[in-house]
Structure formats: structure tokens, C-alpha cells
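Try each one before reading its solution.

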Amino acid sequence: VEEIIAVLYDKLHSDPVIPGMYDVITAPDVTGTTIAFPFKITNGRANPIYVNPNNFKATVLNDKDEFITKYTASNGLTLDAPLCDTNLKKGASVSGNINLKLGAALEPGQSIVLTYCPDLQYNEYSLNWKTTRPKG
């Protein structure tokens, strides 16, 4: 118990993260044909938001960042049921996996870009995460 308390104390008094661009610390396994992206959404705005598969897309790029194919709710992208919420109120959170079934595994050097658009009427506020299968 004392060891756990010491770890928690260190975390409580650690330096805050400085805003900016960072490499992904952990990433989903992108070597197979099924990829699970762990995801959590917390609504910080006054109006409720809806979360459903149409808020997401995944784009496969070659090693030169050129488009290969796109996956949406109609062709291989699904959400875990707990992640879906049609009325996520301010301060509430949902979490689960965004699951992607690829037609073929990524080749070394290829990337997958997961895009989340919280409000489809304002897609300029979308967020992107890029994960690349290492070469070699």
C-alpha cells in the first residue's frame, strides 16, 4: 500500500504537460487486418453532442502519404456500443474502441489516419491521429 501511495504522490506532484505537438506514446497494433483504437470523448461545450460511427473515418496512406483507401461506417469502421451516445451532455464522457476491419494489412511504411469530427456541420474542427507501420 505504501508503494502505491508513493507512486500516486509522485503523479500528483508531477509537472503538467506543456501544450504542443507530441509523438504518440502508445499506439494500436497496426500489423493485422483488425485495428482497435481506444477512445474517450468528454463533452466540454454547453450543448449536448452525439457520438456515432458517422463522426469517424480512417484513411490509409502509402509511405509517401498518398491516399490509398478510406474506411467509414459503411465499409468496416464500427464503434463499441458504450462509445455511442446520441445525447452526451456537458461534462459527461463515453469511452470504448473504434474498430476497423481492413481489406488487407498495412504494409511497412503505410499509415492509417483516424479522423474524428465532433460536429459534422463544422468539419473544420476535426481531429486527426496518424499511426504508421514501421519499416523493416
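**Exercise 1.** In which strand is Thr131 found? Work out its surroundings as well.

*Solution.* Keep in mind that this is a predicted model. Start with the strand: Thr131 belongs to S9, which covers residues 127–132. The relative accessibility of Thr131 is 9%, and the cut-off for buried is under 20%, so Thr131 counts as buried. Finally, list the neighbours. Leaving aside residues up to four places away in sequence, Thr131 touches Ala27, Pro28, Val30, Gln110, Ser111 and Ile112.

**Exercise 2.** Describe the largest nonpolar core and the place of Phe56 in it.

*Solution.* Begin with the size: this core has 23 residues. Those with the most contacts inside it are Ile41, Val51, Phe56, Ile98, Leu100 and Ile112. Then ask where the residues come from. Two or more are given by each of S1 (34–42), S2 (49–51), S3 (56–61), S5 (77–79), S7 (93–101) and S8 (111–116). The largest share, four residues, is from S1. Now zoom in on Phe56: beyond residues up to four places away in sequence, Phe56 touches Phe39, Ile41, Val51, Leu77, Leu79, Ile98, Leu114, Thr115 and Tyr116. As background, nonpolar side chains tend to be buried together in soluble globular proteins.

**Exercise 3.** Find the strand order in the open sheet of three strands, and say which strands stand at the edges.

*Solution.* The order is S1-S7-S5, with antiparallel pairing. S1 and S5 each have a single partner strand, so they are the edges, and one side of each has no neighbour in the sheet. From one strand to the next, the twist averages 25°.

**Exercise 4.** How many disulfides does the whole structure have? Account for Cys84 and Cys117.

*Solution.* The search finds zero. For Cys84, the nearest cysteine sulfur is that of Cys117, 16 Å away, while a disulfide needs the sulfur atoms within 2.5 Å. Cys117 is likewise in no disulfide.

How values were computed: Residues are numbered from 1 along each chain as its sequence is written. This is a predicted model: local features need pLDDT of at least 70, side-chain atom pairs count only at pLDDT 80 or more; totals for chains, interfaces and linings use all residues. Side-chain values use heavy atoms; hydrogens and water are left out. A nonpolar core is a set of buried Ala, Val, Leu, Ile, Met, Phe, Trp, Tyr and Cys residues joined through side-chain atoms within 4.5 Å. Buried means under 20% relative accessible area, exposed over 50%, partly exposed in between (1.4 Å probe, protein chains only). Contact means heavy atoms within 4.5 Å. Two strands pair if DSSP finds at least two bridges between them. Axes are lines fitted to C-alpha atoms, for helices over the stretch in contact, and angles run from 0 to 180 degrees between N-to-C directions.
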